[in-house]
Amino acid sequence: MSMLFQKAQILSAAILLLFFNFIFTFISSTEATGFNWVQQEFLKSHNDLRASVGVPPLQWDANLAAFSLSWANQRKQHCDYRQHSTSPYGENIFWELYRQNTATSIVQKWFAEKQFFNHATNQCNCNPERAGCECGHYLNVIWKTTTKVGCSGFVYCDDQKGAIVVCSYDPIGNYKGVNPLNPGNNVAATSPVLQPKTVNTGNVQRGRGRKRNVGVRSPVLLRRPSIPRKSGRGKGRKNKRV
């Protein structure tokens, strides 16, 4: 009788373990693809900030989210937030060593670059743009003629080098010298030309005006890598008028 009871206990434990493994896998998958509450938070935070400058809201796009996830996964080995894809989309990348930011706080950090952008001249006051003084992420977030966004969610890098997040924007904006709040026909008359990427160092890092970092929920510590920085963004990818 006792042997049967022990077997029943073992079987129950195995079933319980499989159940929790399924739940963990499901939650990780939904977070990575940007659905559920993560998707809603990314979209809402973008649209709240766009409303504050008087531009229309964005729509969530599953194809952009899938592309963002694909590019984030391609960056996992080196976790290089400074390298942008060659996609036809606008792109913001965010990296951090510890999972401690929310989707809202990440988009707010991108938007905070507004302080460096001169809306009277439509030029970034940072010359050259560099870590801690850049405008590209802000422009990707608020560009008026952009209508869709999709983000990867948290993607953990290999060897516990941190986590990276990618957001993609369509149609692409961030044209040099063009009014982001009223681009009008200026954008239609130009074609995007990507600028060379520059190295960004600092505790929270993003790519230049195609990029930046994303975080969700409660802090989860990751093992510290050999590099000293704790988070970062690449420069938000920019476009030149031609």
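## Aromatic pairs

The structure, which is a predicted model, holds 6 aromatic pairs. In one of them, the ring centres of Phe67 and Tyr89 lie 5.5 Å apart and the planes meet at 75°, so this pair is edge-to-face. Phe67 belongs to helix α3 (residues 62-74), whereas Tyr89 sits in the loop between α3 and β2 (90-96); the pair thus links distant parts of the chain, 22 residues apart. Phe67 has a relative accessibility of 26% and therefore counts as partly exposed.

Another edge-to-face pair is formed by Phe111 and Tyr138, with 5.4 Å from centre to centre and 70° between the planes. Because Phe111 lies in helix α4 and Tyr138 in helix α5, this pair ties together parts that are 27 residues apart in sequence. Phe111, at 14% relative accessibility, counts as buried, and Tyr138, at 0%, also counts as buried. Together with Phe117, Phe111 and Tyr138 form one aromatic cluster.

## A charge over a ring

A further arrangement concerns an aromatic ring and a charged residue. Arg82 lies over the face of Tyr81, at 5.5 Å from the ring centre.

## Backbone features

Most peptide bonds are trans, and most residues other than glycine have a negative phi. Some places in this model depart from that pattern.

Asn127 and Pro128 are joined by a cis peptide bond, with omega at about 0°. Pro128 is located in the loop between β4 (123-124) and α5. The peptide bond from Asp170 to Pro171 is also cis, and its omega is near -5°. Pro171 occupies the loop between β7 and β8 (205-208).

Which phi value does Asp159 have, positive or negative? Phi of Asp159 is positive, near 60°, and that of Gln160 is positive as well, near 50°. Asp159 is found in the loop between β6 (155-156) and β7, and Gln160 is found in the loop between β6 and β7. With 55% relative accessibility Asp159 counts as exposed, while Gln160, at 41%, counts as partly exposed.

Definitions and conventions:
Residues numbered from 1 in each chain as written. Predicted model: local features only at pLDDT ≥ 70, side-chain atom pairs only at ≥ 80, totals over all residues. Heavy atoms only, no water. Helix = DSSP H or I, 4+ residues; strand = E, 2+ residues; numbered from the N terminus. Buried < 20%, exposed > 50% of the residue type's maximum accessible area, 1.4 Å probe, protein only. Phe/Tyr/Trp six-rings, centres within 6.5 Å; stacked < 30°, edge-to-face > 60°. Lys NZ or Arg CZ within 6 Å of the ring centre and 35° of its normal.
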